[in-house]
Amino acid sequence: MAISVATRLLLLLAAAVALTAPVSAWRRPMRVTVYVQEYLGNGSETTEKVLVRGPGPVNYHRNIYPPNNFFGDTLVMDDLVTESLDNTSAPVGRVYGTYMLSSMSRPVYVVSFTLQLTTGRYNGSTIVMGGIDERLAVVDHAVIGGTGAFLGAQGHVLSKLVHAYSPTHVVMELDVYASVPVPWTQAEKEAPTSPFIIDH
């Protein structure tokens with residue numbers, strides 16, 4: 001007996017639901033919003049400095065600012081993270097990482113950074129992020145892992161400039177949308193392992 005197109009679509013939809021439901025049941029969402037205090041330039045408060053001077057050529061794009069506008073320029077960051085955009089608000093952690101000018105003609109940086117939280121319910125946890133920064137109004141990076149409360153994290157983070165105290169002190173908002181595996185119950189932890197899995 002032939003199966004109608006509508007029946008086939010319903011079967012495909014049922015199969016998709018059956019396959020996706022267990023995945024969502026095994027993960028729970030997490031949301032974190034923090035503010036990064038970036039001190040630029042060459043002053044004593046600077047928290048982002050040149051690690052490697054690139055070989056060039058010079059990138060003359062209008063959104064790339066000298067003197068760090070050589071192809072391959074790599075900067076390292078150690079930025080204070082606060083609970084609000086006010087630079088006197090409570091510190092909640094730091095952002096550590098690097099970014100490298102990776103285009104000879106466009107404003108493209110490859111970035112890798114880790115948010116380390118040092119207070120509250122996530123004290124000691126980290127969120128690892130990376131991707132490219134094209135100097136857009138809102139930049140989207142991947143959440144590629146984490147530790148502590150964010151062990152096994154997956155998701156993305158939106159970052160944007162929210163305030164400029166001066167040309168050398170700006171505040172970036174990091175809005176993290178992630179999910180983490182649901183912790184195992186004690187019974188699951190104590191369940192016998194498969195005889196086909198052997199630890200060496």
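D175 and R31 form a salt bridge (a side-chain nitrogen of Lys or Arg within 4 Å of a carboxyl oxygen of Asp or Glu), with their closest N and O atoms 2.9 Å apart. The pair links distant parts of the chain, 144 residues apart: D175 is in strand β9 (residues 169-181) and R31 in strand β1 (residues 27-39). The model is predicted: local features need pLDDT of at least 70 and side-chain atom pairs count only at pLDDT 80 or more, while totals for chains, interfaces and linings use all residues. Residues are numbered from 1 along each chain as its sequence is written, and side-chain values use heavy atoms, with hydrogens and water left out. Strands are DSSP runs (E, at least two residues), numbered from the N terminus.

**Salt bridges**

- The count of salt bridges comes to 6.
- D175 is buried, at 9% relative accessibility, whereas R31 is partly exposed, with a relative accessible area of 48%; buried means under 20% relative accessible area, exposed over 50%, and partly exposed in between (1.4 Å probe, protein chains only).
- A salt bridge also joins the side chains of D73 and R53, at 2.5 Å from N to O. Both residues lie in the loop between β2 (48-52) and β3, 20 residues apart.
- D73 is buried, with a relative accessible area of 0%, and R53 is partly exposed at 43%.
- E134 pairs with R106 in a salt bridge whose closest N and O atoms are 2.5 Å apart. This pair links the loop between β6 and β7 (139-147), which holds E134, to the loop between β4 (91-101) and β5, which holds R106, across 28 residues.
- E134 is partly exposed, with a relative accessible area of 27%, and R106 is partly exposed at 44%.

- T126 lies in strand β6 and is buried, with a relative accessible area of 13%.
- The side chain of T126 makes a polar contact with the side chain of T147 at 2.6 Å; a polar contact is a pair of N or O atoms within 3.5 Å, where within protein one must be able to donate a hydrogen and the other to accept it, and residues adjacent in sequence count only if both atoms are side-chain atoms.
- Not counting residues up to four places away in sequence, T126 touches T114, L115, Q116, G145, G146, T147 and F150; contact means heavy atoms within 4.5 Å.
- N123 lies in the loop between β5 (109-117) and β6 (126-133).
- The C-alpha atoms of N123 and A149 are 8.7 Å apart in space, and the residues are 26 apart in sequence.

Definitions and conventions
Helices (H or I, at least four residues) and strands (E, at least two) are DSSP runs, numbered from the N terminus.
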